[in-house]
Amino acid sequence: MRRHLRVIRLLVQMYVRSQMEYRGAFWLDRFAQILSYGSVFASIGILLARFDTLGGWTWPELALLFSFQLLGYSLGASLSFVQLRDLEELVRLGTYDTLLVKPFSPWVWLVFSGLNIGYAGHIILAVALMAWAAAAISFDWTVWSALFFLGSLLSATLLTAALITMIGATALIWVRSNHLFAIFFGFWELTRYPLNIFPGGIQLVLVTAVPLALTSSVPVGALLGKPIPLLGDWAGPVSLLAGPVWVLLAIAHWRYATSRYQGAGG
């Protein structure tokens, strides 16, 4: 175990050094990310300027929702998205086989040899916006509410990484799986908004089949005491358990996909 941890640390250090070789370009790209997602939030502000509230959510509450969604995603995706997106190409070219002969878990090697620090821009914007929103909303913070907030954020991070891992692992069976990411991000963009503004069918999908609402409006709504469609009083416990449960499902799916992997030659 100690040897594996030392290898993981070295993998992360090497990747970070490679990404920071051109520091000016790196931070300029992060600044562009902040402007991009800042403009998305500004568009929500335009809606609020016209309608005052959106689904019963005020401007600071929507800011907390947006920042929570962005932070949970960026933390989870930094551990999974680019690495698992590139798995399709590794499988197609046959280079994934080289990971199978290493005395190391292929998933761990993939994740930590490409730990994506490029999400720094997302995190900076999300944390700054979250700090403002938490101070601006009319909400009495307690120790328990703070613990729930942190626990549900961790759960959202785990759930994001689990879903992306499951999509990427499908390449071990189908060879092609990156088209599934288009579906993932299509639903992910919806979770910037309160769950209750969508039709019942979409609500059901966002809570079950593609449970990305559990990374945004469900935990934040439960924290703020908002009515949560479909889940009601169970929104809080479900938000906390969703991440660990989907991690177990992702582990099972990864093992199944690995057992079905036949190599580039089929």
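**A chat about helices and loops**

Me: Hi! To start, what is the relative accessible area of Val175?
Reply: Val175 has a relative accessible area of 33%, so it is partly exposed. Buried means under 20% relative accessible area, exposed means over 50%, and partly exposed is in between, with a 1.4 Å probe and protein chains only.

Me: And where is Val175 found?
Reply: Val175 is in the loop between H10 and H11. The helices (H or I, at least four residues) and strands (E, at least two) are DSSP runs, numbered from the N terminus.

Me: Before we go on, what kind of model is this?
Reply: This is a predicted model, in which local features need pLDDT of at least 70 and side-chain atom pairs count only at pLDDT 80 or more, while totals for chains, interfaces and linings use all residues. Residues are numbered from 1 along each chain as its sequence is written, and side-chain values use heavy atoms, with hydrogens and water left out.

Me: Thanks. Back to Val175, what is its phi?
Reply: The phi of Val175 is positive, about 70°, although this residue is not a glycine. Leu230 is another residue other than glycine with a positive phi, near 75°.

Me: Where is Leu230?
Reply: Leu230 sits in the loop between H13 and H14. With a relative accessible area of 55%, Leu230 is exposed.

Me: New topic: how many residues of H13 are buried?
Reply: In H13, 7 of its 8 residues are buried, and the helix is mostly covered. The buried ones are Ser217, Val218, Pro219, Val220, Gly221, Leu223 and Leu224.

Me: What do the buried residues of H13 pack against?
Reply: They pack against H3, H9 and H14; contact means heavy atoms within 4.5 Å. After H13 comes Gly225, with a positive phi near 80°.

Me: Let's move to H14. How many residues does H14 have?
Reply: H14 covers residues 235–260 and has 26 residues. From its first C-alpha to its last it reaches 36 Å, close to the 38 Å expected at 1.5 Å a residue. That expected span is 1.5 Å times one less than the number of residues.

Me: Where in H14 does the kink lie?
Reply: The kink lies at Ala242, shortly before the proline Pro244, and is about 40°. The bend at a residue is the angle between axes fitted to the seven residues ending there and the seven starting there.

Me: Which residues of H14 are buried?
Reply: Ala235, Gly236, Ser239, Ala242, Gly243, Trp246, Ala250, His253, Trp254 and Ala257 are the buried residues of H14. Their cover includes H4, H5, H7, H9, H10 and H13.

Me: H9 is in that list. At what angle do the axes of H9 and H14 cross?
Reply: The axes of H9 and H14 cross at roughly 25° and come within 8 Å. That makes H9 roughly parallel to H14. Axes are lines fitted to C-alpha atoms, for helices over the stretch in contact, and angles run from 0 to 180 degrees between N-to-C directions. Angles under 35 degrees count as roughly parallel, over 145 as roughly antiparallel, 65 to 115 as roughly perpendicular and the rest as oblique.

Me: And is the crossing of H9 and H14 left-handed or right-handed?
Reply: The crossing of H9 and H14 is left-handed. A crossing is left-handed if the near helix is turned anticlockwise from the far one by less than a right angle, and right-handed if clockwise.

Me: At what angle do H9 and H11 pack?
Reply: H9 and H11 pack at about 155°, with their axes 9 Å apart. The two helices are therefore roughly antiparallel, and their crossing is right-handed. Leu163, Ile164, Ile167 and Gly168 in H9 meet Leu180, Phe181 and Phe184 in H11.

Me: One more residue: where does Ala133 lie?
Reply: Ala133 lies in H8, which spans residues 120–136. Ala133 counts as buried, at 0% relative accessibility. Not counting residues up to four places away in sequence, Ala133 touches Pro60, Ala63 and Leu64.

Me: Last one: at what angle do the axes of H3 and H8 cross?
Reply: They cross at roughly 150° and come within 8 Å. H3 and H8 are therefore roughly antiparallel to each other, and the crossing is left-handed.
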